[in-house]
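Open the model in your viewer and keep the selection panel at hand. The stops below are to be taken in order.

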Amino acid sequence: MGSKLWSGRFTKSTHRWVEEFNASIAFDQVLAEVDIQGSLAHVAMLGKCGILSSDEVAQIEQGLEQILAKVREGRCVFTIEHEDIHMNIEKMLTDEIGPVGGKLHTGRSRNDQVALDMHLYIRMQTVELVRLIHELHGVLLKQASQQIDVILPGYTHLQRAQPVRLSHHLLAYASMFERDMERLIDSYKRVNLCPLGAGAIAGTTFPIDREWVAERLGFDGIYDNSMDAVSDRDYLLEFLSIASIIMVHLSRLAEELILWSSDEFNFVELDDAFCTGSSMMPQKKNPDIPELIRGKSGRVFGHLIGLLTTLKALPLTYNKDLQEDKEGVFDTITTLTGCLKLMAPILETMKVNAQRMRQSAEQGFANATDLADYLVERGLPFRQAHEVVGRMVLHCIREGKGLADCTLSECQAFSPLIGEDVYARLGCEQVVEARRSAGGTAKEQVLSTLSQKKEKCDKINQWISGVWKFTASKTP
Ligand code: ARG
């Protein structure tokens with residue numbers, strides 16, 4: 001009964017079901033390395049401030065380094081008897097170096113300790129996610145420049161709307177992922193604050209130096225209120241919100257790949273390495289991976305709603321409810337990492353059926369707006385031009401042909417404003433090239449967007465290398 005680190009106040013041992021129910025070690029063991037990293041900084045500060053002797057600090061540091069080595073080699077055995085990662089490690093420490101290990105927790109509570117661990121962990125994962133999105137973004141830019149002359153129908157309501165460059169379509173996703181990287185980078189400043197030193201709730205009686213610990217751990221600053229420090233989980237909500245938006249973007253891209261690789265579209269062929277077969281139908285090649293990416297968005301949204309619900313109306317400060325912040329966040333990281341790691345090579349290896357895209361862009365009256373614009377240039381109000389072309393489209397549908405297949409006199413029966421020069425406006429290429437407005441699909445516009453995106457890409461790369469030294473999972 002006396003083996004629990006907090007057993008002093010208790011006269012009975014824990015009910016056997018409570019131990020299992022209360023423990024978080026099954027999932028918080030992923031925090032082992034950052035927990036030790038935090039403890040090493042804490043104990044060094046206790047030494048620097050004269051709270052522990054240098055000999056005590058040296059013994060604790062050495063013990064922690066040994067445990068860290070074991071963690072990295074996967075040699076640690078964690079037990080639910082010691083509930084969570086913090087107490088498991090403290091127990092290992094005292095087993096390793098004796099009662100002096102018990103001095104590590106001076107001036108610290110598990111409440112500020114777990115907050116510190118989560119900050120260190122999310123900080124590292126934030127950078128890793130930016131890096132993965134950056135890679136995916138790079139693949140999109142590469143495909144966009146390689147496919148610069150490929151034209152496909154752009155869709156609204158999943159009906160052919162206007163022809164666009166494939167590069168333009170892909171760069172729309174690059175823009176989404178840029179915003180995602182920017183969101184993560186912005187959230188980093190709120191993640192990169194140190195809660196350690198808040199104690200259980202109100203601070204500590206020991207003359208600690210919070211700024212020193214924060215700086216040693218690479219934080220930009222400290223929480224200015226100990227009660228907020230131990231109970232704040234906003235940064236996790238923010239992380240889950242950003243993750244949800246990323247999943248929205250990935251699911252939209254996945255959906256397009258699923259549609260495009262169907263026989264109905266036949267716009268792309270996904271590489272065999274990223275598809276699977278059917279157990280019954282020998283002819284099948286299924287886009288399981290994009291489907292899974294699309295499907296996995298649900299669990300990430302669920303984790304966001306889950307944590308919002310956990311936090312709602314929770315009184316200050318630490319409540320055990322907060323232990324529920326972890327599994328959803330960890331699962332989100334695994335999910336997102338997996339999706340991003342797969343989406344990049346799927347896009348990189350997909351074969352584009354440019355001919356089929358082009359054929360499809362030439363059908364479906366994707367040039368109708370251009371004919372209306374032509375009439376507007378000749379003085380007809382747009383609303384009337386729209387009406388005229390609408391009637392021409394109806395005529396063509398009945399005749400089973402395209403607008404450009406109408407003879408000049410056929411056209412002039414609808415509007416005398418139409419002249420011989422109309423035909424030079426209706427080809428796919430011309431329709432695309434006519435959209436030279438900023439952010440449009442004409443080649444010069446797409447190329448200029450592409451080069452702006454490359455610059456952005458370089459800036460983000462610089463950010464990653466700037467923060468990486470603090471976030472690589474090694475002891476500073
Ligand atoms: N395992 C706990 C958690 O994840 C650590 C903090 C426990 N603090 C406490 N006062 N029980 O939230």
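The model is predicted, with local features needing pLDDT of at least 70 and side-chain atom pairs counting only at pLDDT 80 or more, while totals for chains, interfaces and linings use all residues. Residues are numbered from 1 along each chain as its sequence is written, and side-chain values use heavy atoms, leaving out hydrogens and water.

Select residues 166-191, helix α7, and residues 234-260, helix α10. Helices here are DSSP runs of H or I, at least four residues, and strands are runs of E, at least two, numbered from the N terminus. The axes of α7 and α10 lie 9 Å apart at an angle of about 165°; axes are lines fitted to C-alpha atoms over the stretch in contact, and angles run from 0 to 180 degrees between N-to-C directions. α7 and α10 are therefore roughly antiparallel (over 145 degrees).

Next, show side chains at the contact (heavy atoms within 4.5 Å). Residues of α7 including Y173, F177 and R183 meet residues of α10, among them I242, H249 and W260.

Now select Y155, H169, Y173, R252 and E256, the lining residues nearest the centre of the largest pocket. A pocket is an open set of points on a 1 Å grid over the protein atoms alone where a 1.4 Å probe fits, with protein on both sides within 12 Å along at least five of seven lines; lining residues have an atom within 4 Å of a point. Helix α7 gives the largest share of this lining, five residues.

Finally, select S261, S262, D263, V268 and K285, closest to the centre of the second largest pocket, which 14 residues line. Strands β5 (268-269) and β6 (351-352) each supply at least two residues of that lining.

Methods:
Angles under 35 degrees count as roughly parallel, over 145 as roughly antiparallel, 65 to 115 as roughly perpendicular and the rest as oblique.
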